[in-house]
Amino acid sequence: MNILSFPILRLLTDGKFHSGEDIAAHFKTSRATVWNAIQNAEALGVEVFSVRGRGYKLPQPITLLDETTILNAIGEQRSWFKLEVHDHLESTNSYLMKKASAGEAHATCVAANLQTKGRGRRGRQWQAGLGASLTFSLLWRFQCGASALSGLSLAVGVALIRTLHEFGIKQAQLKWPNDVLIGGEKLAGILIELQGDMEGPSAAVIGIGINLNLPSKIKQQIDQPATDLNRVAAAINPNALLGVLLKHLAEVLNNFEQAGFAQVRDEWLKYHAYHQKPVRMLHPDGRETSGTAIDVAEDGILLVKTSLGEQRFSSGEISLRGDL
Ligand code: ATP
């Protein structure tokens with residue numbers, strides 16, 4: 001990103017018009033340089049209104065991430081975390097995976113105001129935008145091996161539900177293995193990437209994207225129904241949201257190390273959008289298995305009752321779709 005782009009965007013977070021002249025004077029530069037920096041931000045997908053005679057503005061005011069506010073929202077456990085807030089990263093997971101292999105500390109959280117190449121599972125994309133989403137990754141190191149982490153994305157879903165409850169959002173549900181839904185539409189996604197030995201120790205980079213206020217331009221790029229927090233709650237401060245979520249993640253992940261997914265399994269089932277409902281399980285080779293989701297095992301495996309009997313699905317390659 002152009003060195004001036006983010007400082008200018010920071011100035012525009014009030015959602016008001018700022019003339020090119022004022023911005024140029026503020027940064028002791030030329031109007032052409034300001035224009036260039038804004039072009040550069042637009043090329044990264046940031047929407048900036050530009051009106052002749054009035055200047056530049058963002059479509060609406062936005063709250064940027066702020067380290068101190070996040071740490072305060074974590075509360076007592078703030079000292080457990082190492083926090084990095086970036087203006088722009090292509091992918092918080094890719095960035096933290098690299099740092100993890102270079103020995104980065106346990107409980108490092110990397111958040112980005114603007115993530116431009118977010119990833120989903122198996123090469124899929126995660127769409128995000130400035131002020132539109134909360135995007136971050138958390139590195140968590142485990143004594144156990146990667147093979148014991150099979151239910152981790154489900155446990156992380158429980159931390160997300162607890163967090164949303166704290167903000168008064170009670171209607172969120174989980175979709176096996178790694179999504180949070182509201183009214184059947186996707187609010188948040190979880191991407192977990194593992195490092196280390198099957199026998200241990202291991203490390204997980206837990207990437208989370210939560211939609212705060214998706215502009216239609218971003219929504220159009222998503223090939224499934226998506227929703228955002230703005231539709232269900234009065235303006236939620238992303239710093240408070242991240243802080244409270246880190247607090248819940250710390251609790252869930254510490255317990256996971258001791259007792260695995262088993263300790264939150266009942267809670268997870270309570271919020272599973274498709275519990276006892278008809279589902280289609282999509283295999284990577286294009287096959288589909290239809291049935292009813294009847295249970296989840298202590299290692300996160302989904303049990304589906306089909307015409308051929310009970311089948312078990314592990315999360316790696318399989319996608320669940322509601323059979324409506
Ligand atoms: P699965 O059920 O296998 O998890 P998925 O389609 O939810 O399937 P993920 O890899 O979890 O796949 O997430 C990536 C997908 O999420 C994208 O392919 C897109 O359909 C959707 N998506 C991308 N960005 C967003 C977003 N900001 N909000 C909601 N959904 C999104």
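## Phe 142 and its contacts

Phe 142 is in contact (heavy atoms within 4.5 Å) with Leu 149, Leu 152, Pro 201, Ser 202, Ala 204, Leu 253, Phe 256 and Glu 257, leaving aside its neighbours within four places in sequence. This residue sits in strand E7 (residues 133-142). Strands here are DSSP runs (E, at least two residues) and helices likewise (H or I, at least four), numbered from the N terminus. Phe 142 has 1% relative accessibility and counts as buried. Buried means under 20% relative accessible area, exposed over 50%, and partly exposed in between (1.4 Å probe, protein chains only).

## Basis of the model

This is a predicted model, in which local features need pLDDT of at least 70, side-chain atom pairs count only at pLDDT 80 or more, and totals for chains, interfaces and linings use all residues. Residues are numbered from 1 along each chain as its sequence is written, and side-chain values use heavy atoms, with hydrogens and water left out.

## Ligand shell

The ligand is surrounded by 17 residues (a heavy atom within 4 Å). The closest are Arg 121, Gln 127, Lys 186, Asp 223 and Ser 319. By class, the shell holds three nonpolar, seven polar and seven charged residues. Nonpolar covers Ala, Val, Leu, Ile, Met, Phe, Trp, Tyr, Cys and Pro; charged covers Asp, Glu, Lys and Arg; the others, Gly among them, are polar. Strand E6 (125-126) and strand E16 (319-322) each supply at least two shell residues.

A backbone N or O atom of Arg 121 lies 2.5 Å from a ligand oxygen. A side-chain N or O atom of Asn 178 is 3.0 Å from a ligand oxygen. For the side chain of Gln 224, the distance is 2.9 Å. Taken alone, the ligand exposes 610 Å², and the protein buries 96% of that. Areas come from the Shrake-Rupley method with a 1.4 Å probe; for residues, only the protein chains shown count as cover.

## Helix H1

Helix H1 (residues 5-12) has buried residues Ser 5, Phe 6, Ile 8, Leu 9 and Leu 12. Seen down the helix axis, these fall within an arc of 155°, so they line one face of H1. The arc is taken over the directions from the helix axis to the C-beta atoms. The cover over this face includes helix H2 (20-26), helix H3 (31-43), strand E2 (55-57), strand E3 (82-89) and strand E4 (108-115).

## Met 97

Met 97 is found in helix H5 (residues 92-101). Its relative accessible area is 17%, so Met 97 is buried. Not counting residues up to four places away in sequence, Met 97 touches Glu 193, Leu 194, Gln 195 and Val 205.

## Backbone features

Two peptide bonds are cis, with omega near -5°: Trp 176 to Pro 177 and Gly 200 to Pro 201. Pro 177 is in the loop between strand E8 (173-175) and strand E9 (179-182). Pro 201 is in the loop between strand E10 (185-196) and strand E11 (202-211).

Positive phi occurs in Ala 107, near 65°, and in Arg 122, near 45°. Ala 107 lies in the loop between H5 and E4 and is buried at 1% relative accessibility. Arg 122 lies in the loop between strand E5 (118-119) and E6 and is partly exposed at 39%.

How values were computed
A polar contact is a pair of N or O atoms within 3.5 Å; within protein, one must be able to donate a hydrogen and the other to accept it, and residues adjacent in sequence count only if both atoms are side-chain atoms.
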